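Me: I would like to learn how to read a protein model step by step. Could you begin with the words I will need and then show me each case?

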Amino acid sequence: MTDEKLLLTDAILETAENILRAGPICDECLGRAFAKVGYGLSNAERGRAVRIALNSRGVGAKSGTCWVCGGLFESVRDWAERAQAMSEGIEFDSYLFGVKLSARIRQGEKLYLERYPTGTHEPLKHAFNREVGKAFESLVGHATVDLERPHLSYVIDLSADRIELKVRSLYIYGRYQKFLRGIPQTRWPCRKCGGVGCEACNFTGKQYPESVEELIAAPFLVAAGCDTAYLHGAGREDIDARMLGSGRPFVLELVAPHVRSLDLVTLKEQVNTTQTRKVEVSDLHFVSHDTVALVKETHAEKTYHAVVSLSLPVDEKRLRAAVSSLIGQINQRTPQRVAHRRADLVRIRRLIDAQVKVLSEQEAELVLRGEGGLYIKELVSGDDGRTTPSLASVLGVGARVSELDVIDVSAKGFPDLV
Ligand SMILES: [Zn+2]
Ligand SMILES: [Zn+2]
């Protein structure tokens with residue numbers, strides 16, 4: 001090392017001399033006190049240089065265990081090896097280490113800072129995490145530290161002598177179509193047993209035998225080598241409604257995947273061929289965690305196809321006029337059928353467009369485009385006066401949706417519509 005890398009002023013050496021006199025200290029901790037002095041050196045190298053300079057002035061150090069860290073830095077390699085063993089069989093590019101210090105070391109570090117406030121001190125945690133990371137990198141031979149979104153996050157708990165590993169979820173955006181009525185979007189725990197398993201649910205713990213979530217996730221779980229997946233949808237259709245047309249945006253979250261470099265083309269084929277006539281996916285691509293909130297919180301416009309039955313015959317002209325008159329503002333009090341899980345309040349939503357195809361005197365097909373959150377069944381039936389106006393109230397005739405399909409879900413900002 002040259003003087004250019006580390007200029008040891010008299011002030012530095014004087015402080016260092018006081019530190020050495022306090023008791024045995026390791027090169028790492030000695031170097032940390034002057035971490036912002038010079039460049040291109042590790043703390044250990046810096047500490048060694050300071051020690052040599054002091055030795056040549058006749059100042060020696062007591063030998064023994066470092067009074068600041070208790071010899072923590074000697075265990076860097078061990079911790080890195082343990083972390084490497086835990087990463088066995090997991091695909092990753094990036095990592096991050098954190099550490100929970102023991103009370104003894106926290107106290108030593110606090111004292112060190114208070115007694116020798118050099119102004120150039122690197123905190124022990126920071127230095128330790130970096131050193132373990134460097135050792136880990138050299139062991140695994142790839143991977144870089146990522147402070148924001150590491151694939152692997154390790155927390156070293158010194159008191160418990162334990163490492164916790166968290167593997168970052170993998171997120172895949174796509175759109176799904178659901179061709180069959182009666183399938184919920186996500187797993188529903190059994191109403192009777194709450195998911196534990198009982199006779200009513202055939203000990204599956206589920207209210208419905210399958211869900212869009214499970215049908216899509218199945219091949220992904222196998223390919224990624226993990227147990228858990230969540231489907232985050234841009235809203236959800238009723239269980240008895242199909243999801244057709246362009247499909248509904250979703251993000252599939254794979255929890256703690258062992259494989260990250262999934263072949264989305266093959267997986268799409270697997271979903272679409274094994275689940276034919278139930279569910280299909282399209283537009284699959286990898287996204288970041290942020291897309292979950294984007295997809296869930298964006299109020300997308302939705303287009304529905306509804307078959308409507310009328311309680312009395314209505315002539316075509318009157319029906320067309322009634323449907324057109326609905327375009328505009330709709331006041332919708334929380335529908336009775338969802339009142340048990342949604343706050344009871346009046347929402348104002350717009351019906352953007354409406355088209356009619358008459359099937360018979362008492363039956364018609366409607367194509368309705370509305371703002372996110374507009375309840376279509378109630379727009380037709382009136383829900384005992386809770387939705388106004390409604391098709392039933394305008395006609396003065398009972399009206400109800402007998403079949404409902406969602407045919408488009410779109411909003412600016414979805415990853416495929418930016
Ligand atoms: Zn030390
Ligand atoms: Zn049950």
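Reply: Let us begin with angles between elements: an axis is a line fitted to C-alpha atoms, and an angle runs from 0 to 180 degrees between N-to-C directions. Please keep in mind that this is a predicted model. Here, helix α4 (residues 76-87) lies across β3 (152-157) and β4, and the helix runs at about 40° to β4. Helix α6 (residues 124-140) also packs on the sheet, where it touches β1, β2 and β3, and its direction makes about 140° with that of β1.

Me: In what order do the strands of that open sheet stand, and which strands are at the edges?

Reply: As a general idea, strands of a sheet pair through backbone hydrogen bonds, either parallel or antiparallel. In this case the open sheet has 4 strands in the order β2-β1-β3-β4, with mixed pairing. The edges are taken by β2 (144-145) and β4 (162-167), each of which has a single partner strand, so one side of each is left without a neighbour in the sheet. Strand β1 (residues 94-100) pairs with β2 in the parallel sense over 2 bridges, and S94 stands opposite T144 in β2.

Me: Which strands pair with β9 in the antiparallel sense?

Reply: Strand β9 (residues 301-310) is joined by 10 bridges to strand β14 (residues 399-410), and the two run antiparallel; within this pairing, V308 has V401 as its bridge partner. With strand β12 (residues 363-370), β9 pairs in the antiparallel sense over 8 bridges, and S309 stands opposite E363 there.

Me: Which residues of helix α10 are buried, and where do they lie around the axis?

Reply: For this step you need a cut-off: a residue counts as buried if 20 or more other C-beta atoms lie within 10 Å of its own, and as exposed if 12 or fewer do. In helix α10 (residues 316-325) the buried residues are L319, A322 and V323. They cover an arc of only 95° around the axis, which puts them on the same side of α10, whereas K317 and A321, on the other side, are exposed. The cover over the buried residues includes β11 (346-360), β12 and α12 (391-395).

Me: Is G182 buried or exposed, and which residues does G182 touch?

Reply: G182, which lies in the loop between β5 (170-178) and α7 (212-224), is exposed, because 12 other C-beta atoms lie within 10 Å. Leaving aside residues up to four places away in sequence, G182 touches I239 and D240. The C-alpha atoms of G182 and D240 are separated by 4.8 Å, although the two residues are 58 residues apart along the chain.

Notes: Residues numbered from 1 in each chain as written. Chains lettered and ligands numbered in written order. Predicted model: local features only at pLDDT ≥ 70, side-chain atom pairs only at ≥ 80, totals over all residues. Contact = placed C-beta atoms within 7 Å. Pairing = 2+ DSSP bridges. Arc of directions from axis to C-beta.
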